[in-house]
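This briefing is for a reader with the model open alongside the text. It is arranged by topic.

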Amino acid sequence: MRRVVARGVAAASPELAHSVHVEVNGLRPGHDYFYQFDMRDEESTVGHFRTTPSRHELVRQVRFAFVTCQDWPSGFYTAYRDMIQNDLDLVFHLGDYTYEYAIDGITGRGIPVPAGFGEETVDLRTYRLRHTLYKLDSDLQAAHAKFPFAVIWDDHEVQNDYSGLAPEFGSPSPEFTARRAAAYQAYYEHMPIRADIAKKPAPGLRIYRQLRFGTLAEFTLLDDRQYRTDNPCGDGEALRCDEALTGDYTMLGRQQERWLARGFNKSSARWNIVAQQLLIAELEHTLPGYPDEWYWNDAWDGYPLARQRLLRDVVESGLSNPVFLTGDWHSTFANDLKLNFKDQASAAVAAEFVTPAITTGGDGTPYGPYYSPMIPFNPHIKYYEGDKRGYFKATVTESEMELDLRFMTSVEDPNGVGYTERTFFVQDGKPGVSL
Ligand SMILES: [Fe+2]
């Protein structure tokens, strides 16, 4: 830290859990920097980041990873140890950074949890403690120190499958409003979010935003949780109901939806990459004994008219090379998105890649045996794997996007290692997945 380009003083107040959100102006675009904090006689470890290139710069390549679902008791963050061997411009975290559930007994890490985690998180004190537990992991620390993170939350930073101000079961209440505000505040305190996005985090917090990498790529980060109406056909797995086909409901909220459509219309980037939480592709649960039109309602399948508006906005804006990055499912998918999933002749309008969990599910097989038999009935799903943990890393150039699917040999063994399971492509000018 010899050539100092900027220094300053920030107050770490107890009201925000002694966190600081530093805004440094005047840095060069597309440039590497290092940073460090001093407090009295203490020095922090040195962190690194790369600024985004300026809007009109002719950028030849962007490299990034995208991750989701890192339940601490499910296993070790060895996927981050694997990731930091790369030179990436940034990391997208698509949510479930923390989980709210009580942690008891021996975990997938093989060690007992310190006292104080045996209850579900419900208030500012317990949400803060949960972030602290996760952030003490040395692999996660190393990833944050090496790469800038662009983060959005999903449900578990607050509560499983909540919608807007409605908890998983039941309707909005002052208790849940207060709980959500506490969870959002703890998230704001512990995550790399710009101070100018949220001077005052409670009760809402805007996390949707855009990041531009010169002429090459525009990244749009969405919030599928905070503004959505409650699932029109109820929670969990259910038959599609009339309300889903006629109702006035929303996934993004009207304001975010309009903001997104405007962004699509304005974008001049060659690649338009949308980072968001929930599975967009239809996954009809076609299995012996199931009725037709049976879906998982927490994802976009529970909000089909909202999904139709989203995909229509993609098509009608003439968006160049749309690609969606998705989290949440603890499985890996590569999907063609279509205006009509039921029609095999319907053209792909975008590609969707669902990144596996960093740890959630551990080394078990919770999903593969259940979902795999449904996949052949959903032919727009080009690839599915349910029981491996890991992440995607991607390289975007003018001619193509290349995605390496990195799986871990184990997440319950602290010495688990990563390997490339396979590589996917999206070609410039050709919507959808190229295998
Ligand atoms: Fe998750």
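Predicted model: local features only at pLDDT ≥ 70, side-chain atom pairs only at ≥ 80, totals over all residues.

Residues are numbered from 1 along each chain as its sequence is written, and side-chain values use heavy atoms, with hydrogens and water left out.

**Iron site**

- The iron ion has the protein donors C69 (SG), D96 (OD), Y99 (OH) and H330 (NE2), at 2.0 to 2.5 Å; donors are N, O and S atoms within 2.8 Å of the metal (3.2 Å for Na, K and Ca), and sites may look incomplete because water is not among the atoms.
- Angles among the four donor atoms run from 87 to 161°, and the site is irregular. Four donors count as tetrahedral if all angles lie between 85 and 135 degrees; four count as square planar and six as octahedral if opposite donors are over 155 degrees apart and all others between 65 and 115; anything else is irregular.
- Along the chain, the donors follow the spacing C-x26-D-x2-Y-x230-H.
- C69, in the loop between β5 (61-67) and α1 (78-83), and Y99, in the loop between β6 (90-93) and α2 (124-135), are 30 residues apart and link distant parts of the chain. Helices (H or I, at least four residues) and strands (E, at least two) are DSSP runs, numbered from the N terminus.
- C69 is buried at 0% relative accessibility, and Y99 is buried at 3%. Buried means under 20% relative accessible area, exposed over 50%, and partly exposed in between (1.4 Å probe, protein chains only).
- D96 lies in the loop between β6 and α2 and is buried, with a relative accessible area of 1%.
- Most residues other than glycine have a negative phi. C69 is not a glycine, yet its phi is positive, about 55°; D96, also not a glycine, has a positive phi of about 60°.

**Open sheet**

- Six strands form an open sheet in the order β7-β6-β5-β17-β18-β19, with mixed pairing; two strands pair if DSSP finds at least two bridges between them.
- β7 (149-151) and β19 (418-427) are the edge strands, each pairing on one side only.
- Strand β18 (residues 400-408) runs antiparallel to β19, with nine bridges joining them. D404 stands opposite T423 in β19.

**T326 in strand β13**

- T326 belongs to strand β13 (residues 322-326) and is buried at a relative accessible area of 0%.
- The T326 side chain makes a polar contact of 2.8 Å with that of Q276 and one of 2.7 Å with that of E352. A polar contact is a pair of N or O atoms within 3.5 Å; within protein, one must be able to donate a hydrogen and the other to accept it, and residues adjacent in sequence count only if both atoms are side-chain atoms.
- Leaving out residues up to four places away in sequence, T326 touches residues including L94, Q277, F353 and T355; contact means heavy atoms within 4.5 Å.

**Helix α4**

- A186 lies in helix α4 (residues 174-190) and is buried, with a relative accessible area of 0%.
- Not counting residues up to four places away in sequence, A186 touches L124, Y127, R128 and H131, while E189 touches E15, L16, A17, S19, H21 and R128.
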